[in-house]
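Open the model in your viewer and keep the sequence panel beside it. The stops below say what to select and what you will find there.

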Amino acid sequence: MITGVIRPRPRSLLGVLVAAAAIGVAASAVALSSTPAPRVSPAVAATAGPAAPAGPTGATEPSGPATSMPSVPAASVPGTTRVGTRPPVVDHGPRTGNRVALTFDADMTDGMLQNLRAGRVKSYANLRIVDLLEREQVPATFFLTGKWVERYPELTRRLADNPRFELANHTYGHAAFTGDCYDLPRVRANAMTDDVARTFRAIEPYGGRQTRYFRFPGLCHDAAALAALAPLGVTVVDGDVVSGDPFATAWQPIVRAVLDNVRPGSVVIMHVTEANAAMTDEALPYILAGLRERGLVPAMLSEVLAAT
Ligand SMILES: [Zn+2]
């Protein structure tokens with residue numbers, strides 16, 4: 001099974017518009033003015049949180065330190081948007097300044113878990129990436145699947161404990177939210193909201209720099225998928241620099257793909273999935289050096305999207 005493969009896709013016009021204003025209710029309301037949104041009473045949004053997910057609950061609830069309610073975003077959490085509105089889609093931040101966001105996806109599917117259990121794969125957690133970022137004190141943002149968090153709780157704790165790392169949501173089991181998405185198994189339409197809510201519940205107990213940023217597997221989304229996220233008050237983050245690190249067999253193309261395309265405000269997509277992205281840690285030192293040469297400075301996603 002192919003997981004985590006990213007291919008370039010047509011850029012969303014909305015993304016550029018929203019990028020400058022990804023944070024804050026007023027900004028997203030402006031950016032989404034052309035998209036009629038369901039009306040939600042402010043009181044309901046503030047106190048009751050998102051409506052109950054449409055998907056089944058109970059039997060599929062995760063074990064572990066989760067609450068039974070969908071998570072409720074606090075206004076101060078980066079990426080929070082108004083509950084009940086279709087989320088904005090962001091490709092990058094403003095093209096001013098010198099900040100760029102390094103983002104690392106942590107995919108985990110049932111097939112990957114089977115590979116681990118059967119000993120076919122040693123690890124889907126690239127500690128060398130985390131070691132390097134920590135050693136060099138480089139800010140980064142991690143898009144975590146719920147199943148990855150449950151498989152690697154200690155590493156999740158380590159990520160959460162680093163004040164330079166932000167945590168974001170990459171679905172529960174890395175299933176596709178549209179048809180025709182890299183042969184990934186598909187989430188049922190009525191289970192989409194709960195899948196993402198459940199992932200927040202898996203991540204939130206770890207604390208640290210929580211966000212309401214969300215990235216679709218394979219960046220695959222359509223109107224129905226975005227509508228399914230409306231109850232959750234999130235910002236969808238795609239990215240504008242695709243490193244192509246999944247299943248890479250050499251580090252040089254990754255470095256080239258990043259450094260040839262990175263600009264101020266860029267959101268770089270990489271993976272921390274080790275066996276499925278085995279060259280990323282080798283590419284990273286060259287990427288960091290290349291950014292320095294270009295006068296670009298890694299920053300957390302919230303800082304890049306908020307930069308003025
Ligand atoms: Zn992914």
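**Stop one: a loop residue**

Select T171, which is found in the loop between β4 (165-169) and α8; helices (H or I, at least four residues) and strands (E, at least two) are DSSP runs, numbered from the N terminus. This is a predicted model, in which local features need pLDDT of at least 70 and side-chain atom pairs count only at pLDDT 80 or more, while totals for chains, interfaces and linings use all residues. Residues are numbered from 1 along each chain as its sequence is written.

T171 is not a glycine, yet has a positive phi of about 80 degrees. T171 counts as buried because 27 C-beta neighbours lie inside 10 Å. The cut-offs are these: a residue is buried if 20 or more other C-beta atoms lie within 10 Å of its own, exposed if 12 or fewer, and partly exposed in between, with C-beta atoms placed from the backbone.

**Stop two: T199**

Now select T199 in helix α8 (residues 192-203). Which residues does T199 contact, leaving aside its neighbours within four places in sequence? They are T145, G146, N169, T171 and Y172, where contact means that the C-beta atoms, placed from the backbone, lie within 7 Å. Draw a distance from T199 to T145: their C-alpha atoms are separated by 6.6 Å, although the two residues are 54 apart along the chain. T199 is buried, with 27 other C-beta atoms within 10 Å.

**Stop three: strand β2**

Select residues 99-106, strand β2; eight of its eight residues are buried, so the strand is largely enclosed by the rest of the structure. In a regular strand the side chains alternate between the two faces of the sheet. Here R99, A101, T103 and D105 point one way, and V100, L102, F104 and A106 the other.

- Strand β9 (residues 297-299) runs parallel to β2 and is joined to it by three bridges. V100 stands opposite P298 here.
- Strand β8 (residues 267-271) is also parallel to β2, with five bridges. Look for L102 opposite V268.
- Strand β3 (residues 140-144) pairs with β2 in the parallel sense over four bridges.

**Stop four: from β8 to α11**

Select E274 in the loop between β8 and α11. E274 has a positive phi of about 50 degrees and is not a glycine. Is E274 buried or partly exposed? E274 is partly exposed, with 19 other C-beta atoms within 10 Å.

**Stop five: α5 against α11**

Select helix α5 (residues 127-135) and helix α11 (residues 280-293), whose axes come within 8 Å and cross at roughly 25 degrees. Axes are lines fitted to C-alpha atoms, for helices over the stretch in contact, and angles run from 0 to 180 degrees between N-to-C directions. The two helices are therefore roughly parallel to each other, the term for angles under 35 degrees.

Show side chains for R128, I129 and L132 in α5, which meet T280, D281, L284 and P285 in α11. The residues of this contact divide into four nonpolar, one polar and two charged.

**Last stop: the whole chain**

Zoom out to the chain, with its 12 helices and nine strands. Of its 308 residues, 51% count as buried.

Notes
Angles under 35 degrees count as roughly parallel, over 145 as roughly antiparallel, 65 to 115 as roughly perpendicular and the rest as oblique. Two residues are in contact if their C-beta atoms, placed from the backbone, lie within 7 Å. Ala, Val, Leu, Ile, Met, Phe, Trp, Tyr, Cys and Pro count as nonpolar, Asp, Glu, Lys and Arg as charged, and the others, Gly among them, as polar. Two strands pair if DSSP finds at least two bridges between them.
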